[in-house]
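Q: Hi, can you walk me through this model? I'd like to take it piece by piece.

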Amino acid sequence: MEERKFVSLKKEEYGIKEFIKNYLGKGKVSKVIIEYTPVGEKVIMKTGKPGFIIGHGGEKINNLTEVLKKKFKFEHPHIEI
């Protein structure tokens, strides 16, 4: 029973990672790590050019945060680059 929960959680994480990579554009994000904390979810993105991901005035990050809240039902996503 625990194995099924673990596998479904990893499948969901993989879907989130692929969505983030496609949303921001292929080749801009090299690695996405998702950590679950008591406060909320922490999404860590590794990239060579953080300015492309952040956007003008943090616009892209704010949009990505809203999408993660609505589509994947994250309560308090914290995005770190």
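Predicted model: local features only at pLDDT ≥ 70, side-chain atom pairs only at ≥ 80, totals over all residues.

Q: Which residues of H1 are buried?
A: The buried residues of H1 are Glu13, Ile16, Phe19, Ile20 and Leu24. Buried means under 20% relative accessible area, exposed means over 50%, and partly exposed is in between (1.4 Å probe, protein chains only). Helices (H or I, at least four residues) and strands (E, at least two) are DSSP runs, numbered from the N terminus.

Q: How many residues does H1 have?
A: H1 has 23 residues. From its first C-alpha to its last it reaches 33 Å, close to the 33 Å expected at 1.5 Å a residue. The expected span is 1.5 Å times one less than the number of residues.

Q: What follows H1?
A: Gly25 does, and its phi is positive, near 110°.

Q: Now the sheet. What is the strand order?
A: The order is E1-E2-E3, in an open sheet of three strands with mixed pairing. The edge strands are E1 (31–36) and E3 (78–80), and each pairs on one side only. Two strands pair if DSSP finds at least two bridges between them. The twist averages 20° from one strand to the next.

Q: What holds paired strands together?
A: Strands of a sheet pair through backbone hydrogen bonds, either parallel or antiparallel.

Q: Do E1 and E2 pair in the parallel or antiparallel sense?
A: Antiparallel, over six bridges. A hairpin joins E1 to E2 through four residues. Glu35 has Lys42 in E2 as its bridge partner.

Q: And how many bridges link E2 and E3?
A: Three, and E2 (residues 41–46) pairs with E3 in the parallel sense. Ile44 stands opposite Glu80 in E3.

Q: Where do the helices lie on the strands?
A: H1 (residues 2–24) lies across E1 and E2, at about 135° to E1. H3 (residues 59–71) lies across E2 and E3, at about 140° to E3. Axes are lines fitted to C-alpha atoms, for helices over the stretch in contact, and angles run from 0 to 180 degrees between N-to-C directions. Contact means heavy atoms within 4.5 Å.

Q: Which residues of H3 are buried?
A: They are Ile61, Leu64, Thr65 and Leu68. These residues sit on the same side of H3, because they cover an arc of only 105° around the axis. The arc is that of the directions from the helix axis to the C-beta atoms. The face turned away from the buried side carries the exposed residues Lys70 and Lys71.

Q: Why does Thr65 count as buried?
A: Because its relative accessible area is 14%. Leaving aside neighbours within four places in sequence, Thr65 is in contact with Pro77 and Ile79.

Q: And what covers the buried residues of H3?
A: The cover includes H1, E2, H2 and E3.

Methods: Residues numbered from 1 in each chain as written. Heavy atoms only, no water.
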